[in-house]
Amino acid sequence: KKFPKLPTPDANYTVEQINEMRKYAADRGVVIIPEVDVPGHATYLNVAYPELFGCDPIDGEAREDLVCIGKPGVMDNLKAIFEEVIELFPDSPYIHIGGDEAAIDAWNNCKDCKAYMEKNGIKDVHALYTHSIKLLTDMILSLGRTPIVWEGFPRDGAEQISRDVIVTAWESLY
């Protein structure tokens, strides 16, 4: 509702279809876990709303797959999206945020990310990555849901992430 340009034409579900899927799943004892993939894999956010979610271009090229963590209001906008997802999936105790494979080097060239790191005493983009996962998972917890992330977010600083977060392994050899 708040971001009407987000649905992908011909590749999204209506509220009615989501409700039908939820009922179908519930009748079979299955819980649907919605995923809003951030801070990487976020092309859908940046194409629709680059002014709200996008990093500064690098050499004139837009970095469409990465959310700008330093952009003013970005966390409030992401919270609004998560709140709508909770409305659509009220029976899911989980929300997956993805959290892996973010091309964070782009944050080195983003004035908003650099200013945010300086203001918050964050030493580099790797620490900003961990910080962003912490902010996002804490947000999901504050909304009464258990966050899930893909394995692949930074190990350095992982002790900052709540132990209530579920990590989905996909590449682990151990």
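This is a predicted model: local features need pLDDT of at least 70, side-chain atom pairs count only at pLDDT 80 or more; totals for chains, interfaces and linings use all residues.
Reader: Is Lys71 buried or exposed?
Author: A residue counts as buried when its relative accessible area is under 20%. Lys71 has a relative accessible area of 13%, so it is buried.

Reader: Which backbone oxygen does the side chain of Lys71 reach?
Author: Gly54 is among the residues that Lys71 touches. At 3.1 Å, the side chain of Lys71 reaches the backbone oxygen of Gly54.

Reader: Which helix do the buried residues of helix 1 pack against?
Author: In helix 1, Ile18, Arg22 and Ala25 are buried. They cover an arc of only 70° around the axis, so they lie on the same side of helix 1. On the other side, Glu16, Glu20, Lys23, Tyr24 and Asp27 are exposed. The buried residues pack against helix 4.

Reader: How many residues does helix 4 give to the largest nonpolar core?
Author: That core holds 46 residues, and Leu45, Leu78, Ile81, Phe82 and Trp107 touch the most other members. Several elements supply at least two residues each, including strand 1 (35–38), helix 4 (74–88) and helix 6 (125–142). Helix 4 gives the most, and its number of residues is eight.

Key
Residues are numbered from 1 along each chain as its sequence is written. Side-chain values use heavy atoms; hydrogens and water are left out. A nonpolar core is a set of buried Ala, Val, Leu, Ile, Met, Phe, Trp, Tyr and Cys residues joined through side-chain atoms within 4.5 Å. Buried means under 20% relative accessible area, exposed over 50%, partly exposed in between (1.4 Å probe, protein chains only). Helices (H or I, at least four residues) and strands (E, at least two) are DSSP runs, numbered from the N terminus. A polar contact is a pair of N or O atoms within 3.5 Å; within protein, one must be able to donate a hydrogen and the other to accept it, and residues adjacent in sequence count only if both atoms are side-chain atoms. Contact means heavy atoms within 4.5 Å. The arc is that of the directions from the helix axis to the C-beta atoms. Lists of a residue's contacts leave out its neighbours within four places in sequence.
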